[in-house]
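Reader: I have a structure open and would like to go through it. Can we start with the sheet and then move on to the helices?

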Amino acid sequence: MKASSARGPALLVVACTALALGCESGSSGAGSSATGRPGAVPVVASTNVYGDIVRQIGGDRVEVSSIISDPSQDPHSYEAGTQNQLALSRARVVVENGGGYDDFVGRMLRGTKNSSPQVVNAVQVSGKTPAAGQELNEHLWYDVLAMGKLADRIADALAKAAPDDSSAFRRNAEEFRGKLTALQAEEARIKADHGGAAVAVTEPLPLYLTEASGLRNMTPADFSEAVEEGTEVSPGSLRETLDLLTGKRVKALVYNEQTTGPQTEKVKRAAEDHGIPVVPVTETLPAGQDYVGWMTANVHALRRALGT
């Protein structure tokens, strides 16, 4: 979702009872809390993707509340609630994506009058800026290198909140980045074997992954942008996208399962009917998985779809 997206205003405040601040230890699911030891640093993450990364770096020294986590929930239309605001009022560290994806975090934080938390913005940490005349792809968690930078920034923020545990935070961040190095090697392997292969996507969500893997996105820009914005796809754009599949001009379709509609379903059926592998992806972390395992599964699924 772009910063200027029409969906942005939908991220407003409504009751959301799913967030239970006393959920079981170790959970970082949306609307959930990972309870650490007494005196643990309270952290709020906009999604369970970032919540899991915080948990891996903070361990039992953090108590993490993730606002969005349900894999069936479209984050673009999420409506944060009063329990989320309560968690934000207590947070000492807040992790958000930025780039217009989760603007509700800043609005709610201002409403709490909590002026003390350190706010870690993934887009700012990444240093990414849009190319001239283009919009930034804000789906940073599909960029492994950016998540390595984010891990270090989270460790720094936690170290400021709990100086006595700073060495543990930085050690955990280093270990996390080591896992990401292995993941980058998997992307490089796809690039070596399939660099230049054409793929289609339903929206920009996985583009950092496909680009790192050396693949070419052939989807008409106005198709994926319309899907991302929740606006009507033009007949011409839909026809162009379908032609990629019916003409077998792409090796795979990478399909966002969390933002679907009649046009994307039609595209998916066309891929299946013409033997084009469909690689499903999501915006939030599936239940029972951690970030590295989830991204590794995505990379492996993409590799299988390409034929090896």
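Predicted model: local features only at pLDDT ≥ 70, side-chain atom pairs only at ≥ 80, totals over all residues.

Reader: Stepping back, how many helices and strands does the protein have?

Author: There are 11 helices and 9 strands. Of the 308 residues, 55% are buried. Among contacts with a separation of 6 or more, 70% are between residues 24 or more positions apart.

Reader: On to β2. How many of its residues are buried?

Author: 6 of the 7 residues of β2 are buried, so to speak mostly covered.

Reader: And what is its pairing with β3, parallel or antiparallel?

Author: Parallel, over 6 bridges. One partner pair is P42 with E63 in β3.

Reader: Which residues of α2 are buried?

Author: In helix α2 (residues 82-90), they are N84, A87 and L88. They lie on the same side of α2, because they cover an arc of only 100° around the axis.

Reader: Why would residues a few places apart in a helix point the same way?

Author: An α-helix has 3.6 residues a turn, so residues three or four places apart point the same way.

Reader: Which exposed residues sit on the face of α2 turned away from the buried side?

Author: T82 and R90.

Reader: What covers the buried residues of α2?

Author: The cover includes β2 (41-47), β3 (62-68), β4 (93-96) and α3 (104-112).

Reader: Then α3 itself. Which of its residues are buried, and what do they pack against?

Author: F104, V105, G106, M108, L109 and T112 are buried. The buried residues of α3 pack against β2, β3, α2, β4 and β5 (118-121).

Reader: What follows α3?

Author: K113, with a positive phi near 60°. K113 is in the loop between α3 and β5 and is not a glycine.

Reader: Is K113 buried or exposed?

Author: Exposed, because its relative accessible area is 73% and the cut-off for exposed is over 50%.

Reader: What is the phi of K248?

Author: About 55°, again positive in a residue that is not a glycine. K248 is in the loop between α9 (235-246) and β8, and at 56% relative accessibility it counts as exposed.

Reader: Helix packing next. How do the axes of α5 and α6 cross?

Author: They come within 9 Å and cross at roughly 175°. That makes α5 roughly antiparallel to α6. On the α5 side, the contact residues include V144, L145, M147 and A159. On the α6 side, they include S166, F169, R170 and E187. The residues of this contact divide into 12 nonpolar, 3 polar and 5 charged.

Reader: Where is A159, and what does it touch?

Author: A159 is in helix α5, residues 144-161. It touches S166, F169 and R170, not counting residues up to four places away in sequence. A159 is buried, at 7% relative accessible area.

Reader: G58 is in α1. At what angle do α1 and α6 cross?

Author: Roughly 125°, with the axes of α1 (residues 48-58) and α6 (residues 166-194) coming within 7 Å. That makes α1 oblique to α6.

Reader: Which residues meet there?

Author: I53, Q56, I57 and G58 of α1 meet A168, F169, N172, A173, F176 and K179 of α6. By class, this contact has 6 nonpolar, 3 polar and 1 charged residues.

Definitions and conventions. Residues numbered from 1 in each chain as written. Heavy atoms only, no water. Axes fitted to C-alpha atoms, helices over the stretch in contact; angles between N-to-C directions. Helix = DSSP H or I, 4+ residues; strand = E, 2+ residues; numbered from the N terminus. Parallel < 35°, antiparallel > 145°, perpendicular 65-115°, else oblique. Contact = heavy atoms within 4.5 Å. Nonpolar A, V, L, I, M, F, W, Y, C, P; charged D, E, K, R; others polar. Buried < 20%, exposed > 50% of the residue type's maximum accessible area, 1.4 Å probe, protein only. Arc of directions from axis to C-beta. Pairing = 2+ DSSP bridges.
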